[in-house]
Amino acid sequence: MSNIGFSAADILLPDFEKTAGEKWAVVACDQFTSEPEYWEKAEAIVGDAPSALRLILPEVYLAETEERVPVINATMREYLDGVLAEHKDSMIYLERTQSDGKVRRGLIGKIDLETYDYKKGAASMVRATEGTVAERIPPRVAIRRDAALELPHVMVLIDDEQRTVIEPLAVRKDAMEAAYDFDLMLGGGHVSAWLLGADEQARVLAALEVLAAPGAMKERYGVEAAPLVFAVGDGNHSLASAKAAYEEVKAALGAEAAGDHPARYALVELVNLHDTALEFEPIYRVMFGVEAEDVANEFEKYAASLAGDAEEQDVLLVGDFADREVTVKHPTSQLTVGTVGDFIDGYLKAHPNASVDYIHGIESTRKLSARADAIGFLFDGMTKNQLFKAVICDGALPRKTFSMGHAEDKRYYLECRKIK
């Protein structure tokens with residue numbers, strides 16, 4: 001195992017000559033949380049076929065956790081007995097053709113959770129990019145606690161401007177063993193993948209070691225800091241839950257006994273921050289259970305009250321009314337999403353019947369904001385080149401600061417790994 005915390009894993013996949021890939025793979029559980037019709041369409045596509053849909057709990061159904069989780073766990077055991085086959089000590093190179101036709105490249109392996117810390121100000125090799133909400137972890141740990149398998153939708157970014165880790169695999173893939181190749185359901189594009197040989201695995205790990213070398217942070221970011229090699233781009237709460245579940249195992253077994261326990265690791269996809277297909281999208285906010293005019297007026301007052309020294313920011317309020325643009329002249333937060341988030345947090349404290357959801361895409365935001373009791377916030381997002389230095393210098397960013405692409409382009413559940 002490399003001391004940087006990333007390594008090959010015992011990866012489980014179906015036999016795609018017997019299992020339909022389009023029915024097997026499903027989008028990350030934290031997508032379309034306000035659109036149950038999406039998940040109903042997925043159900044209709046899958047029918048009775050083997051599917052990762054039967055192994056995960058879409059967050060739109062979190063209220064049904066108690067009745068759904070035992071069925072999920074039973075299905076995991078069933079699939080281990082007949083659907084899934086293990087590929088020992090594997091890394092998988094994949095190419096994801098997105099809904100826009102661009103190809104995003106990734107690398108599947110496992111992260112050592114001992115090298116990961118999601119707390120703000122962490123100096124670990126693997127860090128969160130956004131604030132972690134502690135209250136969101138226990139329900140997810142409860143789901144993971146009795147599960148035999150994990151399925152990752154975690155995407156971890158590396159800042160590899162010279163493209164030394166993942167991109168060289170693209171020209172070597174024809175010499176590798178094919179793992180899968182099929183279309184993804186409901187506008188998810190296409191995915192193809194190959195299993196790395198031992199030589200390619202060694203080359204990948206050597207290239208990652210260079211990114212973590214002494215002095216690399218000073219050279220890349222102009223700051224003296226503990227190495228940050230892996231920044232969690234998507235699925236931070238899932239990885240945080242895996243960490244919490246592992247800490248439970250360690251507390252029960254002792255640190256030494258837990259050292260080689262499968263729960264110590266989590267399956268992830270590495271993606272290069274500089275992949276040309278990777279685009280950062282803002283995650284917008286929609287408030288529900290509110291009087292839109294009141295929210296708009298209060299936000300204008302809040303914006304006018306700020307006396308910070310950050311650059312001017314613009315926010316567009318949308319809903320069942322004429323769009324209203326608010327300029328924040330003197331924000332205290334460096335990011336517009338931070339300004340909006342601080343306002344919403346304060347408003348929710350004063351209005352306990354109100355709620356907020358985090359929405360991907362302008363069209364979805366406008367659609368959901370059209371309700372009489374809703375209002376949406378649209379704004380420009382952070383550029384991806386700001387990410388690593390911001391995490392190094394400021395710690396985790398405000399929760400749901402950015403999204404890597406549209407909802408349909410999120411990681412689909414596909415590979416599995418035993419965690420018991």
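**Reading the cavities**

Guide: Happy to! H7 gives the largest share of the lining of the largest cavity, four residues. Keep in mind that this is a predicted model.

Visitor: How does one find empty space in the first place?

Guide: Rolling a probe the size of a water molecule over the atoms shows where empty space is left. In this structure there are five cavities of 30 Å³ or more.

Visitor: What volume does the largest cavity have, and which residues lie nearest its centre?

Guide: Its volume is about 470 Å³. The lining counts 26 residues, and Ile143, Arg144, Leu151, Ser238 and Tyr413 are the ones nearest the centre. Two or more lining residues come from each of helix H3 (65–80), helix H4 (137–145), strand S9 (149–150), helix H7 (236–253) and strand S14 (265–272).

Visitor: How many residues of each class are in that lining?

Guide: For the largest cavity, 18 are nonpolar, four are polar and four are charged.

Visitor: Now the second largest cavity: which residues lie nearest its centre?

Guide: Asp30, Glu130, Asp234, Gly235 and Lys400 do, out of a lining of 21 residues. This second largest cavity holds about 210 Å³ of space. Strand S13 (230–234), H7 and strand S20 (402–404) each give two or more residues to its lining.

Visitor: And how does the lining of the second largest cavity divide by class, into how many nonpolar, polar and charged residues?

Guide: Here you will find three nonpolar, ten polar and eight charged residues.

Definitions and conventions. Residues are numbered from 1 along each chain as its sequence is written. This is a predicted model: local features need pLDDT of at least 70, side-chain atom pairs count only at pLDDT 80 or more; totals for chains, interfaces and linings use all residues. Side-chain values use heavy atoms; hydrogens and water are left out. On a 1 Å grid over the protein atoms alone, a cavity is a set of points where a 1.4 Å probe fits but cannot get out, and a pocket is an open set with protein on both sides within 12 Å along at least five of seven lines; lining residues have an atom within 4 Å of a point. Grid points are joined across faces, edges and corners, and a volume is the space filled by probe spheres set on the points. Ala, Val, Leu, Ile, Met, Phe, Trp, Tyr, Cys and Pro count as nonpolar, Asp, Glu, Lys and Arg as charged, and the others, Gly among them, as polar.
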